[in-house]
Amino acid sequence: NECAGDAAGRINLHSVSGGTAPYSFTWTTGNGSGLDISSRNQSGLTAGTYTVVVTDANGCVSVPVPFTVNEPAPLTLTLAVDNTNCSNQNRIEITAHGGGAGPYEFIWDGPGASVGTNLLKTNLPGGTYTITMVDMGTSQRCNTSRTVELIRPLTVSASVLPETCLGSNNGVITLDVSGGTQPYSFVWDPAPGIITSDRNQAELPAGNYNVRVLDSRTGGACHVDMTVSVPLLHNIQLQAAIDNVECFGESTGAIYLTVQNGSGNYTYQWTKGAFSAATRNITNIPAGDYTVTVTDLVFGCTMTGVYTIEQPANPIVITVDNITPNLCHNDRNGAIEISVSGGTVPYEFLWTGPGNLTAPTNQNQAGLAGGDYYVTVTDAWNCVVSNFGPVTVPEPATSISIEVIEVTPLTATGANN
């Protein structure tokens, strides 16, 4: 046999002489196989010792004749294997080989096996590898093979469905995991909609999500960390320009709404207590909080915004703090002192009253004649309290007058009577 373990050996009896033909043959073996015990010639034999006895036509029997079928030493191929670690490093090395006739050729088959030397391959991508040693010193190219299974690197990828509209919470993350050693486990950072130990996630708002994927490798799990982004498909935004109420208690506010990133086809619904409106903008409204719901009729998204119309904290209030009366009729020593609160500072003043006022735009007045005075106060937003009054500066109704009732003459010079 040219190759160890083959069953290709042959024994051909070229000549048989003596005795009386025809002859019969009886074969035996103690350690071989493949015999046809009554045939003259043998084929398909394994290595071993075979013995034949020949009997002629007269029953005469020959002495047993032994034959040996040889084979070379078996081919040996010894490998050292380091399986894939968490740094994706591995090794297959031929550390010993022999048997047969030699020399030998080594054939590697498997992912990435074309790199490296004939005896050593490192950092392979993993999978099934077959190493075949061929005995080039034999015409049959006797060979032996070894098969090695290397763990593939743990890899994770994600497919994502976006959140359709802000607030719809319908984003989806699906993880595709391969390599490593199953089963896998999953650890997600807590976040709205996340089930921390699930492989795949649903009902998510747009945002970034962190996950660690671990395998079950003997000697310590390997892991892959990744961040998955769920986008917002229709990022519809509401913006508003607001005109506040300038004067307390008036209905002069307005909200002018702009919708961005939508289809352009919307419905609007404004509410505030009993107030409602279905227009994009609302005007001539009092102070308060207004809620609008905007529906995009094409994308199906609904957005809500709350906007506040402000006004001064209080109305303009005028308080008369002090009045100084005239002590004499037709004097101009009167004075009025007032204070103002509410509205929006600064204030402007305009006084009217008897005679010509020396400083009608001052907050306080002095040098006043008796009579009724009125003041108009205007704040920074042109809110007006008109003709507040009357504020009366008192004075005596008449001037002092002297009337001679009777004159009594003196009775004598120097008399005091």
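How many residues line the largest pocket, and which of them lie nearest its centre? The lining has 15 residues, and Val16, Ser17, Tyr23, Val54 and Ser62 are the ones nearest the centre. A quick note before going on: this is a predicted model, where local features need pLDDT of at least 70 and side-chain atom pairs count only at pLDDT 80 or more, while totals for chains, interfaces and linings use all residues. Residues are numbered from 1 along each chain as its sequence is written, and side-chain values use heavy atoms, with hydrogens and water left out.

## Pocket and cavity

Back to that pocket. It holds about 190 Å³ of space. A pocket here is an open set of points on a 1 Å grid over the protein atoms alone, with protein on both sides within 12 Å along at least five of seven lines; lining residues have an atom within 4 Å of a point. Grid points are joined across faces, edges and corners, and the volume is the space filled by probe spheres set on the points. Strands are DSSP runs of E, at least two residues long, numbered from the N terminus. By class, the pocket lining has nine nonpolar, five polar and one charged residues. Nonpolar covers Ala, Val, Leu, Ile, Met, Phe, Trp, Tyr, Cys and Pro, charged covers Asp, Glu, Lys and Arg, and the others, Gly among them, are polar.

What about enclosed space? A cavity is a set of grid points where a 1.4 Å probe fits but cannot get out. Searching the whole structure for cavities of 30 Å³ or more turns up one, and the largest cavity has a volume of about 30 Å³. Its lining includes Arg332, Asn356, Leu357 and Gln365. Sorted by class, the cavity lining comes to four nonpolar, four polar and one charged.

## Disulfides

The model has four disulfides, a disulfide being a pair of cysteine sulfur atoms within 2.5 Å. Counting bonded cysteines along the chain, the pattern reads 1-3, 2-5, 4-7, 6-8.

| Pair | S to S distance | S-S torsion |
|---|---|---|
| cysteine 3 and cysteine 142 | 1.5 Å | -80° |
| cysteine 86 and cysteine 222 | 1.8 Å | about -90° |
| cysteine 165 and cysteine 301 | 1.7 Å | about -65° |

Take cysteine 3 and cysteine 142: their link is left-handed. Cysteine 3 sits in the segment before β1 (9–11) and cysteine 142 in the loop between β10 (127–135) and β11 (143–150), 139 residues apart. Both cysteine 3 and cysteine 142 are buried, meaning under 20% relative accessible area, with exposed over 50% and partly exposed in between (1.4 Å probe, protein chains only).

Why is the link of cysteine 86 and cysteine 222 left-handed? Because the torsion about its S-S bond is about -90°. Cysteine 86 lies in the loop between β6 (76–82) and β7 (91–98) and cysteine 222 in the loop between β17 (207–214) and β18 (223–230), so the pair ties together parts 136 residues apart in sequence. Cysteine 86 counts as partly exposed at 47% relative accessibility, whereas cysteine 222 is buried at 4%.

For cysteine 165 and cysteine 301, the torsion of about -65° makes the disulfide left-handed. Cysteine 165 belongs to strand β13 (residues 163–165), and cysteine 301 is in the loop between β25 (288–296) and β26 (302–309). Both cysteine 165 and cysteine 301 are buried.

Key. Helix = DSSP H or I, 4+ residues; strand = E, 2+ residues; numbered from the N terminus.
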